[in-house]
Amino acid sequence: MVQNTGAGRRRHYCSTACRRRAQRDRQARKAPAVAQQGPLGASVAAEVHRLAQQLLDSEMRQEELGTLLERAEAIRRELDIYTAAAVQDARHRGEKWESVARAAHVAAETARARWGRERVARMMDLHANEKRAAPARWRGSQPARLADGPEDTLGDHSAEVVSPAGQLASALTHLQAASCLTIREVADSTMLSPSFISRVLSGDRLPTWDLTCSLALLFGADPADLRVLFESAHGMTVHGRQPVATAIAQLHAAVRGLYLAAKSPTADRIERLSSKAVSALTARRVLAGIDVPEWEVLSALVCALGGHPHDFKPLWEAVHYTFLMCDDPRSPEGTAHIAVPEEEQ
């Protein structure tokens with residue numbers, strides 16, 4: 001029988017199997033071809049490994065139960081994506097639905113419905129968009145405050161401390177305002193929705209490093225300045241041994257990122273907020289990448305900018321470790337002056 005090629009469906013079928021075949025034929029004609037971009041399971045498995053390492057690190061640090069369960073849930077969601085990707089890889093290698101069903105301990109019709117090519121393609125697209133920003137684990141109740149006025153010189157030695165996620169969002173928001181780009185323009189440039197960008201800038205969503213770099217470059221900033229804020233927001237502490245010039249550059253970039261999160265206060269305001277523990281001249285020289293001060297001064301500067309000194313201690317220690325252990329213990333010419341504590345001289 002000749003099927004009607006116009007709009008609408010056939011109202012009557014000779015059997016249930018006939019109806020199913022007709023439905024599959026219509027879906028095949030409507031669905032666009034899905035290009036196979038190589039094995040899908042390997043990249044998802046690597047992400048599962050990364051999330052499992054984060055969970056192990058959280059356990060070793062004895063983090064709160066909510067964080068542990070959240071990390072476990074992220075692994076579970078990623079495993080669901082991996083299962084779909086692995087099935088799609090197997091189908092691409094030529095395996096039949098019957099063998100897929102046996103491996104998954106489900107019926108063949110169930111496997112076909114659950115992991116069909118178009119369905120998996122939609123899952124992977126949604127997954128790729130979702131992975132560009134993860135929910136923020138915790139946020140401070142109020143943004144960092146660096147207000148003008150007499151209270152800056154009275155007992156308020158530092159800005160109000162906020163969560164790492166809030167500091168990263170504050171830095172990105174400050175850069176976005178300075179760039180004069182609207183939320184719509186940012187969304188168009190990153191091919192994301194305006195509401196999604198708004199959630200990232202408000203701190204409701206934590207961007208991945210790729211998205212953080214894209215936003216920083218779009219706003220005309222150096223992504224390295226946001227690296228420590230990003231790592232702190234994601235609960236990452238990865239600071240291995242490295243050349244002294246690299247260690248100094250990372251420390252200065254971290255301070256500049258915190259400075260952006262604090263809305264770029266003047267050096268005089270930093271001096272007031274630190275109760276003169278950090279002079280205006282020292283603040284300028286550190287932000288310009290000229291000096292690496294002693295820990296007490298750097299800690300006061302970090303507190304004045306609303307940061308957490310423990311996030312910067314490994315960076316400062318890395319500078320001094322590499323400086324003291326190198327064969328020629330002189331800072332690279334034109335990079336920075338390192339203040340060495342008296343007991344180390």
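Okay, let's start with a contact: Arg-256 and Asp-225 pair up through their side chains in a salt bridge, 3.1 Å from N to O. What I like here is the span, since the two residues sit 31 apart and link distant parts of the chain. Arg-256 belongs to helix α12, while Asp-225 is in the loop between α10 (209–218) and α11 (227–233). On accessibility, Arg-256 is partly exposed at 24%, and Asp-225 is buried at 10%. One caveat before I go on: this is a predicted model.

How many salt bridges are there by this rule? The count is 10. Some of them share partners, and that ties Glu-73, Arg-76, Arg-77 and Asp-80 into one network. As background, side chains of opposite charge can pair when their charged atoms come close.

Now a local one. Glu-47 bridges to Arg-50, with the closest N and O atoms 2.6 Å apart. Both residues lie in helix α2, residues 41–60, and they're three residues apart, about one turn of the helix. Is Glu-47 buried or exposed? Glu-47 comes out buried, because its relative accessible area is 15% and the cut-off for buried is under 20%. Arg-50 is partly exposed at 38%.

Then there's Arg-93 with Glu-95, a salt bridge at 3.8 Å, N to O. Arg-93 is exposed, with 61% relative accessible area, and Glu-95 is partly exposed at 32%.

Let me zoom out for a second. The chain has 16 helices and four strands. Of its 345 residues, 40% count as buried. If you take contacts with a separation of 6 or more, 67% of them come from residues 24 or more positions apart.

Backbone next. Most residues other than glycine have a negative phi. Ser-264 is not a glycine, yet its phi is positive, about 50°. You'll find Ser-264 in the loop between α12 (244–261) and α13 (267–273), partly exposed at 25%. Lys-276 also has a positive phi, near 65°, and is in the loop between α13 and α14 (280–287). Lys-276 counts as exposed, at 65% relative accessibility.

Key
Residues numbered from 1 in each chain as written. Predicted model: local features only at pLDDT ≥ 70, side-chain atom pairs only at ≥ 80, totals over all residues. Heavy atoms only, no water. Buried < 20%, exposed > 50% of the residue type's maximum accessible area, 1.4 Å probe, protein only. Contact = heavy atoms within 4.5 Å. Salt bridge = Lys/Arg side-chain N within 4 Å of Asp/Glu carboxyl O.
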